[in-house]
Each structure stands twice: as structure tokens, then as C-alpha cells.
Amino acid sequence: MPQSVIAATSQGPVLGTWRHATARFLGIPYAKPPVGDLRFAAPVPPEPWTEPLDATRYGPTAQRRPFILDGPTTIPEPSIPGDGVLNLNVFTPDPQPGAGLPVLVWIHGGGYVAGSAASPWYDGSAFTRDGVVLVSIGYRLGIEGFLHLDDAPDNRGVLDWIAALTWVRDNIDAFGGDPAKVTVAGQSAGGGAAQTLMATPAAHGLFRAAISQSGAVRSPQRRRDALADSARLTERTGVPALASALRDLAVEELLALQDALATPEAGLTLAPFADGELIPVPVPEAFADGSAAPVPLLLGFTRREFNPPVGTGAAEAPAPIEAVQAVLAANGLAPESVTAYVTLHSDDDPAQRVGQALTDAIFRGPSLALAETRAHHELPTWLYHFTYGSAAHCVEIPFAFDLLDAERVTAATGPHPPQSLADAMHGAWVAFVRDLDPGPEWPRYTDKRRTTMTWDTTPHTLDDPLSAERRIWTGAPTTP
């Protein structure tokens with residue numbers, strides 16, 4: 001039988017359980033439930049309690065409708081009903097004040113409209129085994145988290161992340177963590193969240209390092225773009241983009257509005273944007289002008305993030321070059337760079353062209369540009385390229401978390417994923433969180449060598465392995 005364990009927080013005691021040498025405290029509220037007048041408000045600290053709060057099971061999730069589980073890389077992400085979605089989970093090997101352990105705060109992905117901190121892929125047991133406290137957080141999604149409303153604060157989901165990080169600062173010592181040794185991390189939208197927090201002055205000082213796995217940020221992301229989204233919602237549905245008009249709608253009604261706003265060409269519309277206050281400028285500009293937090297950053301991507309699986313109907317129909325050009329142009333690539341990209345990939349499987357263009361436009365291209373910007377500013381940066389197996393979106397997560405035996409992992413990785421790769425990748429993540437450096441086998445990314453870790457059956461580093469793509473996506477000359 002699991003053994004109970006109690007930790008003290010600034011709101012009151014919480015009751016967790018020991019399991020596999022890990023103390024687990026699940027569903028701890030870091031803010032009041034965002035319902036009623038708080039549905040579209042900034043997060044408010046929870047009311048204190050005196051009796052131990054049951055933290056033995058995952059709390060409610062903001063996700064009410066997960067992505068369809070029909071892809072080989074889909075993460076199992078349960079939707080848990082309830083109002084108190086602003087909660088977090090703590091996994092620790094030593095729930096004693098003063099232990100001084102490094103802390104990894106994990107922000108889940110899901111395109112900013114889905115995802116769940118209750119996924120078995122985010123279990124923190126391997127990190128605790130290696131002396132790291134892991135915190136996973138829930139936050140408001142979709143319209144509730146990110147749609148601009150004239151009578152509500154912008155970027156409410158970002159405010160949720162900051163509230164969770166503030167809770168960590170104020171409480172993590174009670175769970176054995178050191179509030180001065182926090183690394184913020186995530187994958188996909190969560191990786192974009194890590195980048196966004198680096199570009200958000202209000203979050204500076206709440207973490208000392210960041211990890212962005214396949215980070216996705218909105219593009220374009222100026223305030224005028226968010227205002228245009230709000231206007232489009234009203235045009236399509238007749239519902240004013242106002243908290244007062246949306247506050248009392250049922251979840252199903254809000255999801256219907258969200259569907260009306262979404263279009264294939266719209267990209268990430270319900271996502272963080274530069275509102276001019278909380279997020280002063282778009283994320284890439286913050287890194288370029290030096291206003292982003294200059295903390296150590298580990299980032300990377302997989303080789304084929306959004307390519308359709310070979311053998312599916314989507315992969316069997318070759319996409320015309322015009323479709324590839326449209327994807328690239330829609331993501332801001334200049335005409336001459338579009339031409340260079342099409343030429344570079346002229347020998348690719350025609351059925352995969354659009355998928356690769358999406359992979360590069362959303363993930364690889366922006367991450368390469370970000371690494372270049374950081375290298376220009378001589379900031380500590382480590383870049384990786386995950387190429388093992390299908391190398392599809394999300395597939396690297398169970399390797400980083402060393403959870404190859406978790407639910408649905410082999411559906412994503414294929415049978416017999418190499419434990420040696422998980423050992424190496426997880427070990428690098430632990431070293432980075434602990435030491436602010438993934439280790440001597442993985443040198444920094446600089447503008448002289450551009451060393452990149454290739455995560456494959458045999459991990460190895462290469463200098464500038466994506467030089468052609470880098471030149472295209474950074475606007476550099478396309479010839480050496």
C-alpha cells in the first residue's frame with residue numbers, strides 16, 4: 001500500500017503518497033478555479049485551508065476535448081472534469097525543507113488548445129531518481145487562455161504560467177526543491193511557453209534556465225493580429241469577443257466558437273501574442289534585441305515533426321509544389337527563400353513535401369533562427385536534432401523523461417526503443433537542470449561551429465548539420 005506523506009505550503013498542508021521512491025503530490029491548486037467572474041480574469045491565489053488537502057490524484061484539466069488518438073506519436077492525455085484546473089503536480093525524492101534540489105517545471109503541449117499535465121508521459125519518477133524535483137502544471141487553454149477580449153486581461157494562459165512559477169518560488173522548498181534552481185521546460189506549445197516566458201519581463205527571475213523541445217510560437221504575433229482574430233470570431237459567429245458575453249457559456253458552446261475561429265491556414269491563433277504590456281514584443285524580436293532573459297537554453301526539434309506517416313492516405317497523395325510554396329509563404333518565408341527551399345527539397349518524396357515544409361516552418365526553421373540569435377549574443381545555448389526512428393512530433397518525450405515503458409510509447413517509437421538513447425538523453429536533461437550544462441559530450445552552439453547534438457541510436461554531435469536549412473530560415477546567403 002502507498003505510504004502517505006504531508007508537506008506544508010503557504011496555503012495549507014497537502015497529503016501525497018510515496019510510490020517507487022517518489023513522493024507524489026497531485027492536483028495542488030495554485031490559483032482559484034477560473035469560473036464565474038474569474039473565468040477570464042487574471043489568476044487569483046487560492047483560499048487557505050487548515051486540514052491536509054488530498055493531493056493523491058490528478059486534479060481537473062483545462063482540456064475538455066483531446067486531440068484525436070489516431071496518430072502514432074499522440075501522447076495519452078486524459079481529460080479530468082472539474083473547475084479547479086489551475087493546479088500542479090510535484091514529484092520529489094526528498095520532501096524535506098532545505099534539501100536544495102534542482103527543479104524542473106514542465107509545461108505540457110497541445111497547440112495551446114489541448115493537452116494535460118496528467119499524462120503518464122510526464123511522470124516525474126526518473127527525474128526524482130536522479131535528484132531532480134519535477135513540477136507539471138495545468139493552465140487555461142483556447143479561448144479562455146488566449147483570445148483577446150476587450151474587457152479582460154490578455155494572455156491569461158501566460159499569467160497562469162507565471163502564477164504557477166510564483167507558487168514554485170514560494171513553496172518548492174517544502175518539497176525539497178531550491179527556488180533558485182528552477183528550469184522551465186516544455187514540448188511543442190510547452191516549448192513555445194518556455195520561449196515566451198523568456199520574453200516576458202514579469203517572469204524573469206522565476207527560473208534560471210529553459211528547455212524548449214519542438215517549441216511552437218504564434219507567427220505573426222503582434223497585438224493587431226490578435227485583434228483581427230477577435231474580430232473574425234464575431235464576424236463568423238455574431239458573438240462579441242467580450243468576457244461579459246462569453247463568461248456564462250457552456251464548455252460545448254465555447255468549443256463551438258473555437259471551432260468557428262479555427263481554419264487550416266490560420267495556424268496558431270489561440271496562442272500567446274505580443275500584447276505590448278505583459279509580452280512587450282514578439283518572441284523572436286525579444287531574443288534579437290536582447291530583452292529576453294539571458295538564461296542558459298537547451299532547444300531542438302525532431303526531423304519529421306509534422307510529416308504524415310508513410311503508408312497512410314495522407315502520405316500517399318503527392319502534394320504539388322504550389323502547396324509547399326503556400327505553406328512556406330504563409331509562415332513568412334521570403335520569395336527567394338521559398339525558391340531556395342523548394343530547390344533544396346526537390347529530391348524529397350513528393351508525398352512528404354508539405355509535411356516537411358510544416359515541420360521546418362513551425363519548428364526547425366524558427367529554432368535554428370533562435371539558436372543563431374543566441375549565438376550572436378554569445379549566450380549559453382545547446383541545440384539538438386532528434387532523428388531516431390520516425391522522428392515524429394512528440395516522440396522524443398519518453399526518451400527525455402526515461403519512460404520507455406509508459407502507455408503508448410511503443411506506438412510512437414516502434415518496438416524495442418533503445419534504452420541507451422533514453423539514458424543518454426535523460427542524462428543530458430538532468431545535467432542541464434542540475435549544472436546548467438548538459439555535459440562535455442555536447443558543446444555549446446556558437447556562430448563559429450554550430451555544434452548540434454544528433455539524438456539517434458548512437459548519439460553524436462555534428463557541426464552545422466543543417467547548414468542549408470539554417471541559411472534559408474535565417475535569411476543568410478544560400479551559398480557558403
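Predicted model: local features only at pLDDT ≥ 70, side-chain atom pairs only at ≥ 80, totals over all residues.
Helices α12 and α16 pack with their axes 9 Å apart, at an angle of about 85°. The two helices, α12 and α16, are therefore roughly perpendicular to each other, since angles of 65 to 115 degrees count that way. On the α12 side, the contact is made by Asp360, Ala361, Arg364, Gly365, Leu368, Ala369 and Glu372, while α16 brings in Glu469, Arg470, Trp473 and Thr474. Sorted by class, the residues of this contact between α12 and α16 come out as four nonpolar, two polar and five charged.

As for handedness, α11 and α16 make a left-handed crossing. Which residues meet across this pair of helices, α11 and α16? From α11 come Ser337, Ala340, Tyr341 and Leu344, and they meet Ala468, Glu469, Ile472 and Trp473 of α16. Six of the residues in the contact of α11 with α16 are nonpolar, one is polar and one is charged. Two names turn up again in this picture: Glu469 and Trp473 of α16 are part of the contact with α11, and Glu469 and Trp473 are also part of the contact with α12.

Helix α11 has another partner in α10, a helix made of residues 321–330. The axes of α10 and α11 come within 10 Å and cross at roughly 135°. The pair α10 and α11 is therefore oblique, and its crossing is right-handed. Ile321, Val324, Gln325, Leu328 and Ala329 make the contact from α10, with Val338, Tyr341 and Val342 on the α11 side. This contact of α10 with α11 holds seven nonpolar residues, one polar residue and no charged ones. Tyr341 of α11 takes part here in the contact with α10, and Tyr341 is also among the residues of α11 that meet α16.

Next come the spaces in the structure.

Two or more lining residues come from each of the elements α2 (142–146) and α7 (251–261). Of the elements, α7 gives the most to the lining of this second largest pocket, namely four residues. By class, the lining of the second largest pocket splits into 10 nonpolar, five polar and six charged residues.

Finally, two places in the backbone stand apart. Most peptide bonds are trans, and most residues other than glycine have a negative phi. Serine 219 and proline 220, however, are joined by a cis peptide bond, with omega at about -5°. Proline 220 sits in the loop between β9 (209–213) and α5 (223–237). The other place is glutamate 378, a residue other than glycine whose phi is positive, near 55°. Where is glutamate 378 found? Glutamate 378 belongs to the loop between α12 (353–376) and β11 (381–386), and α12 is the helix that packs against α16 at an angle of about 85°.

Definitions and conventions. Residues numbered from 1 in each chain as written. Heavy atoms only, no water. Left-handed = near helix turned anticlockwise from the far one by under 90°. Contact = heavy atoms within 4.5 Å. Nonpolar A, V, L, I, M, F, W, Y, C, P; charged D, E, K, R; others polar. Axes fitted to C-alpha atoms, helices over the stretch in contact; angles between N-to-C directions. Parallel < 35°, antiparallel > 145°, perpendicular 65-115°, else oblique.
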